[in-house]
Amino acid sequence: MAVHSKHPASAPPTAPVREKTGHLLLRGWCILVLVLALGGTAWVNAFGETVAAVGAIASGILSVILWVVVRPPVQWRRLPWFAVAYVAWATASLLWSAWPATTALTLLLLYITTVQALFVGTVLTWAELVRAVASALKWVIGLSLAFELWVSLFIGGPLLPGFIIPSEPAADPILYWSRDNLFDGGRIQGIMGNANLLGSVALLAIIVFAVRLGARAPRRVTLWIWIAVSAYLLVRSSSATAFVAGAMVVVVLVTVLLMRRARRPGERTRYYIAYAVIAIGGGITLWTLRDTIFGALGRDSDLTGREQIWEQVLARANEHPVIGWGFATPWLPSDPAFDRWIVDHGQTVMQAHNVWVDVYLQLGAIGVALLGLVYLAFVWRAWFFAVDRPRWDLRADRPYSALTLLPTLVGAVVLVQGFAESTPLLLWGWMFVVMFGAKIKQSPHVGVGPAEQSAAIERGEPAKQAP
């Protein structure tokens, strides 16, 4: 009879631990939730506002049900309370809102996005979370390129929302879902139907795929291909905001890597001073030379009419400077208060094209202060999550993880985008701030924390102590 010893050379091989089907389905659902957030207006353009709204509400309800069923451990004291306070103040604005119907509808979108962010950040480990974000970005990037290719090859002309082929040219190209520019060198818009939204998602994809490469993820050649496709879409979107955000991401990344090399007390102080000088000097230079810079990018010095929009919004916001007019993210053109209030290219504007101006209009100085605390807390935690070594005991030489770079780089994109767009207030912009902010508080070390342990147990592994 065969006898096996415990010696590695003669011990029988063991199969790797396999994830339970339930956890695989849970991860797949999280990817779908992220695709819905990253795709943004794509679902409205494809299926209409009613179907998109029903889908968003149904996905939020299902996530709540799954959260109750899975029951991942949550440290309630370590929730992102500043974000909760912002949502609470937005809810309170129902009491004085000048557009209560719009406030109620857009609050529902804010609730769903916030719940989805907390849900995804709670049920997935850090490694799974980054992997899920990467998978969702592959879907959005791949569908955007495939959509533009399909329009060029099979439609051969512009396409309106709802897959409608126009019988005559639209009054303004802004109406088109796709302008059929893939082969003629013009700006492409992807499934979102907006070049600026495509540019920011493409930049985010480059960051996430690069972080996965740094974390030594498998199928590295495939990741390089996805980076190349994302870079192509970023260039073809020709989004000045995305280009500026990309430059800021490079500055932040270099600064973080320099911080990680610091060995002596006080050495980081010099880097902080240099970083502040570069940031302030870069901001002053950008504003002073905006005519030249935006001209080179094919944009007007007033950010394509944004300064005129800001002036009109600020004039109205100053009438209620403390509490604002009422939450409305986005502005619904069906509301008489917004219908034809500000018109650009013949269309009613649905945002202030600046996060701070938009919040000042809606929630006043109190809302601006709360949102400032949300971003300050997120950037603070994300920064030290990236620059500090993992440490929960006396050991101070644990290696850095590339995954810890992602929140602070995402923060750079969101903050820069917020100066020219209001989109960070909804969909993936708000979702990622809440999701990563909550995740850092719940599991401040990659591979350690209640959520990490709970996911390991769900996969069939025994609970492990922190190494």
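Colleague: What is the average pLDDT of the protein chain?

Modeller: This is a predicted model. The protein chain averages a pLDDT of 85. Of the residues, 85% score at least 70.

Colleague: Where is confidence lowest, and where is it highest?

Modeller: Helix 16, residues 450-458, is lowest, with a mean of 48. Helix 4, residues 81-92, is highest, at 96. Over residues 457-467 the pLDDT is below 50. That stretch still has 23 contacts in the model beyond near neighbours in sequence. Where pLDDT is low, the predicted coordinates should not be read in detail.

Colleague: Okay, new topic. Which residues form the nonpolar patch on the surface?

Modeller: Ile57, Ile61, Leu62, Ile65, Val69, Val70, Leu108 and Tyr111. Together they have about 650 Å² of accessible area.

Colleague: Which helix gives the largest share of the nonpolar patch?

Modeller: Helix 3, with six residues. Helix 3 spans 49-70, and helix 5 spans 100-123; each supplies at least two residues of the patch.

Colleague: And Tyr111, where is that one found?

Modeller: Tyrosine 111 is in helix 5. Its relative accessible area is 33%, so tyrosine 111 counts as partly exposed.

Colleague: Let's switch to helix 8. How far apart are its end C-alpha atoms?

Modeller: They are 26 Å apart. Helix 8 has 18 residues, 220-237, and at 1.5 Å a residue it should span 26 Å, so the two agree.

Colleague: Which residues of helix 8 are buried?

Modeller: Leu223, Ile227, Val229, Ser230, Leu233, Leu234, Arg236 and Ser237. The buried residues pack against helix 6 (126-155), helix 7 (195-214) and helix 9 (240-260).

Colleague: What follows helix 8?

Modeller: Serine 238. The phi of serine 238 is positive, near 50°.

Colleague: Last one. Where is methionine 350 found?

Modeller: In the loop between strand 2 (347-348) and helix 13 (355-387).

Colleague: What does methionine 350 touch?

Modeller: Pro330, Trp331 and Pro333, leaving aside residues up to four places away in sequence. Methionine 350 and tryptophan 331 are 19 residues apart in sequence. In space they are 4.6 Å apart, C-alpha to C-alpha.

Note on methods
Residues are numbered from 1 along each chain as its sequence is written. This is a predicted model: local features need pLDDT of at least 70, side-chain atom pairs count only at pLDDT 80 or more; totals for chains, interfaces and linings use all residues. Side-chain values use heavy atoms; hydrogens and water are left out. Patches are made of residues with over 30% relative accessible area and no salt bridge: like charges are joined within 9 Å, nonpolar side chains (Val, Leu, Ile, Met, Phe, Trp, Tyr) within 5 Å. Accessible areas come from the Shrake-Rupley method with a 1.4 Å probe; for residues, only the protein chains shown count as cover. A salt bridge is a side-chain nitrogen of Lys or Arg within 4 Å of a carboxyl oxygen of Asp or Glu. Helices (H or I, at least four residues) and strands (E, at least two) are DSSP runs, numbered from the N terminus. Buried means under 20% relative accessible area, exposed over 50%, partly exposed in between (1.4 Å probe, protein chains only). The expected span of a helix is 1.5 Å times one less than its number of residues. Contact means heavy atoms within 4.5 Å. pLDDT is the predictor's confidence in each residue, from 0 to 100.
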